[in-house]
Amino acid sequence: MQIFQLVGIALVTAVAALLLKGTKPEIALAVTVAGSIILLLFAFEIFEGSLTIFQKIADATGIESSLVKILLKMVGIGYLVEFSAGILNDFGQNSLGDKLVFVGKIIILVLAVPILESVLSLVVRLLELV
């Protein structure tokens, strides 16, 4: 299972970073960032296989595929921002991590506008039928 690979990568990265932190803190930072990037690449590979499922759901429900893409972008941005902010917090950059989360929320809000427009349009059409 891939989860064991992911856990293994995370543990090896954490142990290596801890061992290097006392003697070479700059290398410990690089090891942590490299391990994090490897984890993200694995996650993208896993997620890529399930993208067709979302397209099938959009086709079956009649939802515009552009709205499904926006939803996936919003979820992806949320996860990526949270992941990155966690790394920043690990390195003592809590303030920068908080600002990254704030900016991520703004981006998600901006991306949500077309979805809101679609919902409002649907409500107007339903009210016209009544």
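The axes of helix 2 and helix 4 (residues 65-90) come within 12 Å and cross at roughly 160 degrees; axes are lines fitted to C-alpha atoms over the stretch in contact, with angles from 0 to 180 degrees between N-to-C directions. Helices are DSSP runs (H or I, at least four residues) numbered from the N terminus. The model is predicted, with local features requiring pLDDT of at least 70 and side-chain atom pairs pLDDT 80 or more, while totals for chains, interfaces and linings use all residues. Residues are numbered from 1 along each chain as its sequence is written, and side-chain values use heavy atoms, without hydrogens and water.

Helix 2 and helix 4 are therefore roughly antiparallel to each other, a label for angles over 145 degrees. Their crossing is right-handed, that is, the near helix is turned clockwise from the far one by less than a right angle. Across this contact (heavy atoms within 4.5 Å), Ser36, Leu40 and Phe47 of helix 2 meet Leu72, Leu80, Phe83 and Ile87 of helix 4. By class, the contact has six nonpolar, one polar and no charged residues.

Phe47 also belongs to an aromatic pair with Phe54, and the structure holds one such pair. Phe47 is partly exposed at 35% relative accessible area, and Phe54 is partly exposed at 28% (partly exposed lies between buried, under 20%, and exposed, over 50%, with a 1.4 Å probe and protein chains only).

Thr32 also lies in helix 2 (residues 25-48). At 15% relative accessibility, Thr32 counts as buried. Leaving aside residues up to four places away in sequence, Thr32 touches Thr13, Ala17 and Phe91.

How values were computed: Helix = DSSP H or I, 4+ residues; strand = E, 2+ residues; numbered from the N terminus. Phe/Tyr/Trp six-rings, centres within 6.5 Å; stacked < 30°, edge-to-face > 60°. Parallel < 35°, antiparallel > 145°, perpendicular 65-115°, else oblique. Nonpolar A, V, L, I, M, F, W, Y, C, P; charged D, E, K, R; others polar.
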